[in-house]
Amino acid sequence: MFDSPIVGYLDRVASVGDAKGPRSGSPAGLMWRCAATAIDIAIAVAVILVPLVALDRILTAAGVPDSEAGPIWRTTAAIWVLAFILLYAPLSVSRWGATLGKRVLRLEVVRFKDGERLGYSAAVIRHFTNLVLTMAGVLCVANVSVINLSPDRRGIHDRAAGSAVIHRR
């Protein structure tokens with residue numbers, strides 16, 4: 001049915017889960033992925049906002065005038081958000097196979113062709129493709145539909161990067 005060892009189990013097993021939960025190595029469905037994303041969004045909000053609020057308090061306590069504090073804060077915020085976008089998901093996926101949200105739910109991002117860990121460049125491609133898809137409503141609906149309707153549960157961003165999200169062993 002498929003050439004990938006990730007989903008080869010579909011030829012052997014009728015269901016992807018049982019009473020104890022999903023089978024190890026089976027593709028992660030949309031709800032699992034959404035729950036992991038919700039955890040990652042909470043982490044992102046905390047990691048991005050807490051230091052920026054602290055910076056605002058420091059600038060205020062130091063008596064920096066608003067005319068000078070605004071550009072400092074905006075520049076720092078832009079660099080901080082860009083660093084988070086470039087590092088959190090791509091580095092987590094390439095180094096450990098999952099973001100914190102995926103690890104909590106025992107999901108893993110792997111290469112579709114051989115089940116090995118994604119490299120950093122493929123993880124960046126996957127992450128940025130996912131960001132673009134998420135920001136455009138029609139594309140987001142298309143991506144959700146592809147994940148829901150395809151037997152291998154791979155979204156457009158997974159196909160672009162050659163990845164798959166599976167339940168951990």
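A: Let's start with the elements: helices (H or I, at least four residues) and strands (E, at least two) are DSSP runs, numbered from the N terminus. This is a predicted model, where local features need pLDDT of at least 70 and side-chain atom pairs pLDDT 80 or more, while totals for chains, interfaces and linings use all residues. Residues are numbered from 1 along each chain as its sequence is written, and side-chain values use heavy atoms, without hydrogens and water.

Q: How many helices and strands are in the protein chain, and in what order do the elements run?

A: There are seven helices and four strands, running α-β-β-α-α-α-β-α-α-α-β from the N terminus.

Q: How do I read a nonpolar patch, and which residues form the one on the surface here?

A: A patch joins nonpolar side chains (Val, Leu, Ile, Met, Phe, Trp, Tyr) within 5 Å, or like charges within 9 Å, from residues with over 30% relative accessible area and no salt bridge (Lys or Arg side-chain nitrogen within 4 Å of an Asp or Glu carboxyl oxygen). Here Leu82, Leu86, Leu87, Leu91, Tyr120 and Phe128 share about 490 Å² of accessible area (Shrake-Rupley, 1.4 Å probe, only the protein chains shown as cover).

Q: Which element gives the most to the nonpolar patch?

A: Helix α3 does, with four residues; α3 spans 66-96, and α5 also gives two or more.

Q: Why does Leu87 count as partly exposed?

A: Buried means under 20% relative accessible area, exposed over 50%, partly exposed in between (1.4 Å probe, protein chains only). Leu87, in helix α3, is partly exposed because its relative accessibility is 44%.

Q: What percentage of the protein chain's residues count as buried?

A: Of its 169 residues, 38% do.
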